[in-house]
Amino acid sequence: MAKGKINVSVENIFPLIKKFLYSDHEIFLRELISNATDATLKLKHLTAIGEAKVEYGNPQIEIKVDKDNKKIHIIDQGIGMTEEEVKKYINEVAFSGAEEFLDKYKDAGKDAGIIGHFGLGFYSAFMVAEKVEIITKSFKEEPAVHWSCDGSPQFELKKAKKEDRGTEIVLHVAEDSTEFLEDARIRELLTKYNKFMPIPIKFGTKEINDPEHEPKTTKDKDGKETTEPHRQLTVDDIINNPNPAWTKKPAELKEEDYKGFYRELYPMQFEEPLFNIHLNVDYPFNLTGILYFPKLTNDLNIQKDKIQLYQNQVFVTDNVEGIVPEFLTMLRGVIDSPDIPLNVSRSYLQADGAVKKISSYITKKVADKLSSLFKNNREDFEQKWNDIKVVIEYGMLSEDKFFEKADKFALYPTVDGTFYTFEELETKIKDNQTDKDDKMVILYASDQEAQHSYIEAAKAKGYEVLLLDSPIVPHLMQKLETSKEKISFARVDADHLDNLIKKEDTAISKLSDEEKEKLKGEIEKVIDPKSGFTVQLEAMDSSAQPFIITEPEFMRRMKDMQQTGGGGGMFGMGNMPDMFNLIVNTNNELVSEILNTKTAKKRERLINQSLDLARLSKGLLKGEELTNFINRSYEMIK
């Protein structure tokens, strides 16, 4: 038996491990199973190339919980270690970077992510154990050894009686970690971190129906049938799927395989994904994975953190910010790469060259898939548009390379349900919707019901009106206006149509300047100053409505942008009250009647009624004011 001191110059390394990672101490099981997996895969490789003269067989990793004796056992059938290897890999290599670790992380917080970065994976065991034992036998013809350590730098090494190759780790669980002696807690961790590990992981046994047994049915003398119980078999409970879909080639998978894997990833998600994107690249970096487009709502935040990041089939995190472009974090699925430096700070991650290449690759792959779907089955793409538009619009806004590709397949639906690409839209509306300054004006509505009267007025002039209702549309319109020449977007209620698309032939007012001044004064007398209405007199077609309430495009758009981040926030628009223009059509007969009415009471009633009709059309008439309008309307038709 040998005793010794672990080769580390700082004796308080164990308290530091526990302190730095206490908030994440559940990862001990992930780390130890990862080590067991590595040991098993190394054996597979050595047997394949003939260096290990042993039978590889069908090895598995077993987890046992001994609650009475407060122990957890992690047992593998892998490569094992000789006495010299235990000294080298457990006593020396693990702490070769200890001083560097202390220098680097002495001021760091608990999220420093140190485990694994300096070979400390095995020592994560001490976050939950007061004593750790290793009983191991190498595949080589050498005796088994038994190593133990109580969390101090002192260790004990002696021969063991173990006959079969592999390694058993025994954790003597500390008092502050007894939660890990509960089967349910261990099962939870195995499902979270090790669900797709490449080696089968056994955790206890389970009962299943014997597939070779067909229960017999018998009849008694009265003809009543009785079926015997199905014969039960006790089998190993393997908690993982060692060959998940993303480890296979796309040619090996059918659509049902992709859907089945989605259900495996998200058992509580009842809606099927719209489509998937299979990632598979081995140069200049290694990356595999499957991304799914789910049905998305207009809420940009609720969908995030559904993509799972793995490193060689070991779950790492579902926060993939920095690795996956932000606009794609609303997708679901799996990304697996050994090339992502997982155990370093996020700022390092975001500056890492390999990570940037991975992010660019994923962006390109998604854009190519969307382009292919659009070209191959446009009708189906249009049907899915409302469920995927938020991701595409967000991507166009945030990634220039994605914008260039998406410009060919991004759709712009009209209120009548027709879908145009931007190029098609331009061809359709250019002649009719280009103003006197040669600028093409794209009219849109954000709420088809609320803006119905404005939409109908635009359609009466032969104008196309888009339906753009996702939360980031104001930002996207700004981007399109700056990246394309001579276009502008205007919501149909931003002004009266003759102003939205100004042509040369402006209408001439029937009223003189003096009459207009008088009319404006009479209307302003009636309007509540707190309403925020600015009265504008305009000469329009006599058939256009007498009073129209509009919201100036620039101010309203700035407010909308501020609410979804950026834009108007810098101008303080988000806190400003809503601003409306009351546009009075001086060529409408009712406006002339208001001006020529002799009695002040009747004039006031006509103004109030016309104003309330305009507010009703805009969805601004509510509460007491709506009640007053209804009562006044009844009075007028008596």
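Helices (H or I, at least four residues) and strands (E, at least two) are DSSP runs that are numbered from the N terminus. The model is predicted, and local features need pLDDT of at least 70, side-chain atom pairs count only at pLDDT 80 or more, while totals for chains, interfaces and linings use all residues. Residues are numbered from 1 along each chain as its sequence is written, and side-chain values use heavy atoms, with hydrogens and water left out.

**Exercise 1.** Locate R491, and decide whether R491 is buried or exposed.

*Solution.* Begin with the strand: R491 is found in β21, which covers residues 487-491. Next, take the relative accessibility of R491, which is 7%, so R491 counts as buried (buried means under 20% relative accessible area, exposed over 50%, and partly exposed in between, with a 1.4 Å probe and protein chains only).

**Exercise 2.** Which side chains are joined to that of R491 by a polar contact?

*Solution.* A polar contact is a pair of N or O atoms within 3.5 Å; within protein, one must be able to donate a hydrogen and the other to accept it, and residues adjacent in sequence count only if both atoms are side-chain atoms. The side chain of S446 is joined to that of R491 at 3.1 Å, and the side chain of D493 at 2.8 Å.

**Exercise 3.** In what order do the strands β22, β23 and β24 lie in their sheet?

*Solution.* Two strands pair if DSSP finds at least two bridges between them. The order is β22-β24-β23, in an open sheet with mixed pairing, and the edge strands, β22 (533-538) and β23 (547-550), each pair on one side only. Finally, β22 and β24 (residues 580-585) pair in the parallel sense over six bridges, and L537 has V584 in β24 as its bridge partner.
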